[in-house]
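Morning, everyone. Please have the viewer open.

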Amino acid sequence: QVQLVESGGGLVQAGGSLRLACAASGRTSSAGPMGWFRQAPGKERDIVSAINWSGGSTYYTDSVKGRFTISRDNAKNTMYLQMNSPKPEDTAIYYCAARESGSSGSGYYTAPTLYDYWGQGTQVTVSS
């Protein structure tokens, strides 16, 4: 089992910056590809960004391209999401997720149903 804990959420002004972190514990050797998802009130949980195990391949949803950066430090068992120039429409609960490495290929995954482990979420609120 892998446990994921997000941190770094909070209130930020539009145009500012915020960095989310997702710390993995437990059987961390099982954590393969990872991703950040977000869910706004009344909406589905959507992919924000994803990263493969090595960190060499990444994905961003169109609305955050050029503003957000995903990264991971496998030595620290931690994934990050640097949020620059956030907008009010980025307001949501942000979740990190990990997929079992043993059943994963070398790429990233964008569908929430393909992830095995989830954090509890952290609220990000962007004020205008």
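First, a term: a polar contact is a pair of N or O atoms within 3.5 Å; within protein, one must be able to donate a hydrogen and the other to accept it, and residues adjacent in sequence count only if both atoms are side-chain atoms. By that rule, the R67 side chain reaches the backbone oxygen of S63 at 2.8 Å.

Some ground rules. This is a predicted model: local features need pLDDT of at least 70, side-chain atom pairs count only at pLDDT 80 or more, and totals for chains, interfaces and linings use all residues. Residues are numbered from 1 along each chain as its sequence is written, and side-chain values use heavy atoms, with hydrogens and water left out.

Where does R67 sit? In the loop between strand 6 (58-60) and strand 7 (68-73). Strands are DSSP runs of E, at least two residues, numbered from the N terminus.

Is R67 buried or exposed? Buried, at a relative accessible area of 11%. The cut-offs: buried is under 20%, exposed over 50%, partly exposed in between, with a 1.4 Å probe and protein chains only. G66, in that loop too, counts as exposed at 83%.

Now contacts, meaning heavy atoms within 4.5 Å. Leaving out residues up to four places away in sequence, R67 touches Q82, M83, N84, S85, P86, K87 and D90.

Pairing takes at least two DSSP bridges. Six bridges join strand 7 to strand 8 (residues 78-84). T69 has Q82 as its bridge partner there.

Conventions:
Helix = DSSP H or I, 4+ residues; strand = E, 2+ residues; numbered from the N terminus.
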